[in-house]
Amino acid sequence: MAEFKDSPAAAVVDVDCTAEGQPLCEKYGVRGYPTIKYGPVDDMKDYQGGRSFEDLKKFADENLGPTCGPGEHIDLCDAETKARIEVYVKMSAGKLEGKIRKAQKDFEVEVPIMKKVFAHLSKAEGKSDL
């Protein structure tokens with residue numbers, strides 16, 4: 001862990017899920033121990049590889065690093081994503097938050113209804129591609 005101590009982009013942390021770290025473990029879905037997670041804080045994934053330092057270091061070197069996003073890594077984005085990010089960056093935080101809420105509602109409420117209607121229409125037409 002000392003190798004990553006002063007890294008501005010990587011953190012290796014040890015959390016005790018039975019004590020003060022319990023809320024953090026619940027937030028990220030830690031149910032078994034030890035659990036290793038990786039990725040951006042808002043999209044943590046379960047690590048399934050080897051557990052030695054060498055295995056973890058190899059995985060990190062081959063799979064982790066800067067990704068497309070606003071700020072210093074915008075050049076890692078393709079043209080379409082870069083253009084969309086630039087539109088969002090120009091918005092106020094409040095307006096962007098409203099767009100996020102609408103997108104979440106569309107996904108959580110509208111998409112399931114659309115899938116049901118699509119299934120109904122497909123059944124009526126004799127198709128079942130869903």
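Predicted model: local features only at pLDDT ≥ 70, side-chain atom pairs only at ≥ 80, totals over all residues.
Helix 4, residues 93-125, supplies the largest share of the lining of the second largest pocket, namely six residues. By class, four of them are nonpolar, three are charged and none is polar. The volume of the second largest pocket comes to about 170 Å³.

In general, an α-helix has 3.6 residues a turn, so residues three or four places apart point the same way. Helix 4 itself comprises 33 residues, and its span from first C-alpha to last is 45 Å, close to the 48 Å expected at 1.5 Å a residue. Where does helix 4 bend? The bend, of about 40 degrees, is at Glu110, and a proline, Pro112, follows within four residues. Just after helix 4 comes Gly126, whose phi is positive, at about 85 degrees.

I turn now to the largest pocket. Its space amounts to about 1,700 Å³. The lining consists of 44 residues, and those closest to the centre of the pocket are Ala11, Val12, Lys37, Tyr38 and Met44. In this lining, 28 residues are nonpolar, nine are charged and seven are polar.

Which elements each supply at least two residues of this lining? They are helix 1 (22-27), strand 1 (37-38) and helix 2 (53-63). Helix 2 provides the largest share of the lining of the largest pocket, with seven residues.

How values were computed
Residues numbered from 1 in each chain as written. Heavy atoms only, no water. 1 Å grid on protein atoms, 1.4 Å probe; cavity = no way out; pocket = protein on both sides within 12 Å on 5 of 7 lines; lining within 4 Å. Points joined across faces, edges and corners; volume = space filled by probe spheres on them. Nonpolar A, V, L, I, M, F, W, Y, C, P; charged D, E, K, R; others polar. Expected span 1.5 Å × (residues − 1). Bend = angle between axes of the 7 residues up to and from the residue.
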